[in-house]
Amino acid sequence: MRGSRHRAGRPNVLRHMTRRQRRDLWLGLAFVSPWLIGFVVFTVYPVLASLYFSFTDYNVVSAPRWIGTRNYTDLIRDPLFGKTLYNTLYLAAIGIPFSLGLSLVIAMLLNNKVRLQGLFRTVYFLPSVVPAVAAALLWRWFLNPDYGPVNEFLWQLGINGPGWLADPAWSKPALILASLWGVGGSMVIYLAGLQNVPVALYEAADLDGASRWQRFRFVTLPMLSPVILFNLIMGIITSFQAFTNIYIMTGGGPSNSTLVYALYLYQNAFQFFRMGYASAMAWVLLAITAVALVGVFRTSGWVYYEARS
Amino acid sequence: MTRRRSLWSVAIYVVLVAGAVFFLTPFVWMISTSLKTDAQVFAIPPEWVPAPVMWSNYWRLMTEIPFLRYLANTVFVTVTSVAFYVASSAVVAYGFSRIRWPGREVLFYCLLATMVLPPQVTLIPQFVMFQKLGWVGTFLPLIVPALTGSAFAVFLLRQFYSAIPNDISDSARIDGASEWQIFVRIVLPLAKPALATASLFIFIWTWTDFLNPLIYLTDDRLYTLAIGLQQLASTRAAAWPLLMAGSLLMSVPIILLFFFAQKTFIAGVSTAAVKG
């Protein structure tokens, strides 16, 4: 049943298309071609190359040498790998709930009609746009145990402040404290979500005689749950990849107490030139991220999706 | 009832003010330190008011380290990246929204997937690739990838393009306009708000980017502000007035941008989250 107007040799898919459809296919591909080229060159090829490198011994200077799964078995035996994994999960497990909770509380407070609302919103949001390098240097100095104002303030209260970033026992809480300064980003997202909650729902709750807590628990929280999920996912992704602030604030110290995954990966790749080993680490990171995200989605029964009309 | 309500709002107010102090104090400390003498920085107990006020710290920043060169490098990399990213993303988003073709949705899912792929996975092969091209130690690895578009900007612009009625394009087609003409003369002018949002976010990312310049810029003369400041911090660890002055100057453009484009900013953050 080959139509005579189709030239032979045309791929099957194209043969069944009208002229207009063919034209649109080429046009569409032409418009997306900058991205398509970038996708192949800067994503697909590197992903495949990285997977290959992860099974090799590779120092950039000499050609990669196939060593099978040794990088992965070495990782399991590497005490620093376990340590960095622990540090990263610690910062995520403590830091994410704090930052999600704090930004939600601030957003809820700002969503009330308070005087100077715009000014408050700016004050809370501004730290989140300060460049990571500047914020990290600032907090290193702000938390200085001897000359910084935080310990001075504690001293006034009669508390002998900790060593913060200089003390292995306090370095992780110090990093979390510094990161809370930047919760403005998720606060703005919550604020946008809060403004999307229909007023009618609150009016209905008031008619039913709902208390403040019940309004929050049964109206605000369910309506906001997709935004909470979004912030949670972004929190997981960013904390698994945390690098810049820690590189500058502690460099991984003291005694590796803040050596996080991305930092150790960077050191392996660009300081020790163990590219194969670092590639294996990157794939383990991908696997961990995927497992965490799938886990979040699997347990996201608490997220309420409004029926789309 | 009214009394309880007013008590409640006073409580909210008190908490908000207390929180604002927590958020503002580090800024004050940064400004204060940037104006202190090298000796006053190490006063015990710490002093908040610089005495004498050392405006000259900012002059020292320009003369003792090549701060202006770092600034010029950062401006160059940022402006070029924004132009490249926004131009390419605007074109790509058109192909993902205003034209129907088989395979479009699949490729769009690929684009979305690149947004959650940890950059560490592609980092090393990209480095090896740029190394083989002889690009390490130049600005090229920082700006050439920008020509292939940013997934975030494509996503944002596609949302915006999709909201433009198709009738407009159809009547232009009947008048004999090519797809490129429709894109340049009709869709692009309508998409100005989305282009502004995309530019703003890409500006901030590139201005503050640390990892890429850290890996690719090996020559002190090409350093951006992020790397230059880190370099200063590691070579002169006690130079807190200079470090804080530098950090402040690096933050100022972003803070100004935020004040001038507050609406665009917040619109961008919320489209990504609420509609995404």
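Predicted model: local features only at pLDDT ≥ 70, side-chain atom pairs only at ≥ 80, totals over all residues.

Modeller: Residues are numbered from 1 along each chain as its sequence is written, chains are lettered from A and ligands numbered from 1 in the order in which they are written, and side-chain values use heavy atoms, with hydrogens and water left out.

Colleague: Which element of chain B has the lowest mean pLDDT?

Modeller: The pLDDT is the predictor's confidence in each residue, from 0 to 100. Chain B averages 90, and 95% of its residues score at least 70. Among its elements, helix α3 (residues 67-95) has the highest mean, 97, whereas the lowest, 67, belongs to helix α14 (residues 262-275) of chain B.

Colleague: How many cavities of 30 Å³ or more does the structure hold?

Modeller: On a 1 Å grid over the protein atoms alone, a cavity is a set of points where a 1.4 Å probe fits but cannot get out, and its lining residues have an atom within 4 Å of a point. Grid points are joined across faces, edges and corners, and a volume is the space filled by probe spheres set on the points. The number of cavities of 30 Å³ or more is two.

Colleague: Which element gives the largest share of the lining of the largest cavity?

Modeller: Helices (H or I, at least four residues) and strands (E, at least two) are DSSP runs, numbered from the N terminus. The lining consists of L85(A), T88(A), L89(A), F240(A), Y261(A), L285(A) and I288(A). The largest share, three residues, comes from α4(A).

Colleague: Which element gives the most to the lining of the second largest cavity?

Modeller: Residues of both chains line this cavity, including F243(A) and Q120(B). At least two residues each come from α5 (119-132) of chain B and α13 (261-270) of chain A. The most, three residues, comes from α13(A).

Colleague: Why is S171(A) called buried?

Modeller: S171(A) lies in helix α8 (residues 171-180) of chain A. Buried means under 20% relative accessible area, exposed over 50%, and partly exposed in between (1.4 Å probe, protein chains only). S171(A) is called buried because its relative accessible area is 0%.

Definitions and conventions:
1 Å grid on protein atoms, 1.4 Å probe; cavity = no way out; pocket = protein on both sides within 12 Å on 5 of 7 lines; lining within 4 Å.
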